[in-house]
Amino acid sequence: MLGLKTPPPTPFPVARTDREHPVRLYMSSMSTGQHTVFEVPPPFSQDDLTRHDCFILDTFHFIFVWYNEVSPSDLKCAMEFAVNYADKVSNEIRDVFKPN
């Protein structure tokens with residue numbers, strides 16, 4: 001924000017980008033007629049986000065689902081993957097933020 005000398009406080013942890021907890025990006029697609037998910041190898045950028053696929057970004061503390069021009073079935077598959085992925089990784093190594 002313009003004029004602030006220090007960043008405003010955030011109620012959530014900032015994403016870690018160290019080697020111990022690298023940011024991971026997954027692409028979820030139905031382009032072959034089957035649901036496929038694969039990890040996008042780093043380094044990746046916003047330019048890697050195509051319009052007709054869904055992406056799942058794991059920043060260690062948060063998991064984001066990005067989509068643009070996708071069908072409802074594409075989005076459903078990506079969301080199911082994201083929920084299953086979040087359940088799996090939260091049971092392994094993470095403290096999970098769960099709203100009351």
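**Cysteines, core and salt bridges**

Tutor: Start with cysteine 54, which counts as buried at 0% relative accessibility. Buried means under 20% relative accessible area, exposed over 50%, and partly exposed in between, with a 1.4 Å probe and protein chains only.

Student: Where do these values come from?

Tutor: This is a predicted model, where local features need pLDDT of at least 70 and side-chain atom pairs count only at pLDDT 80 or more, while totals for chains, interfaces and linings use all residues. Residues are numbered from 1 along each chain as its sequence is written, and side-chain values use heavy atoms, with hydrogens and water left out.

Student: Which residues make up the largest nonpolar core?

Tutor: Eight residues: Tyr26, Cys54, Ile56, Val70, Ala78, Ala82, Tyr85 and Val89. A nonpolar core is a set of buried Ala, Val, Leu, Ile, Met, Phe, Trp, Tyr and Cys residues joined through side-chain atoms within 4.5 Å. Strand E3 (54-58) and helix H1 (72-92) are the elements that give two or more residues to this core. H1 gives the most, with four residues.

Student: What is alanine 78 in contact with?

Tutor: Ser28, His35, Cys54 and Ile56, leaving aside its neighbours within four places in sequence. Contact means heavy atoms within 4.5 Å.

Student: OK, and the overall layout. How many helices and strands?

Tutor: The protein has one helix and four strands, in the pattern β-β-β-β-α along the sequence. Helices (H or I, at least four residues) and strands (E, at least two) are DSSP runs, numbered from the N terminus. Of the 100 residues, 22% count as buried.

Student: Switching to charges: how many salt bridges are there?

Tutor: The count comes to three. A salt bridge is a side-chain nitrogen of Lys or Arg within 4 Å of a carboxyl oxygen of Asp or Glu. One of them joins glutamate 39 and arginine 24, at 2.8 Å from N to O. That pair links distant parts of the chain, with glutamate 39 in strand E2 (residues 36-40) and arginine 24 in strand E1 (residues 24-29), 15 residues apart.

Student: Are those two buried or partly exposed?

Tutor: Partly exposed: glutamate 39 is at 33% relative accessibility and arginine 24 has a relative accessible area of 31%.

Student: What about the others?

Tutor: Glutamate 69 forms a salt bridge with arginine 51, the closest N and O atoms being 2.4 Å apart. Here glutamate 69 is in the loop between strand E4 (63-66) and H1, and arginine 51 is in the loop between E2 and E3, 18 residues apart. Glutamate 80 and lysine 76 also meet in a salt bridge, at 2.9 Å from N to O. Both lie in helix H1, four residues apart, about one turn of the helix.

Student: Is lysine 76 buried or exposed?

Tutor: Lysine 76 is exposed, at 51% relative accessible area, whereas glutamate 80 is partly exposed, at 39%.
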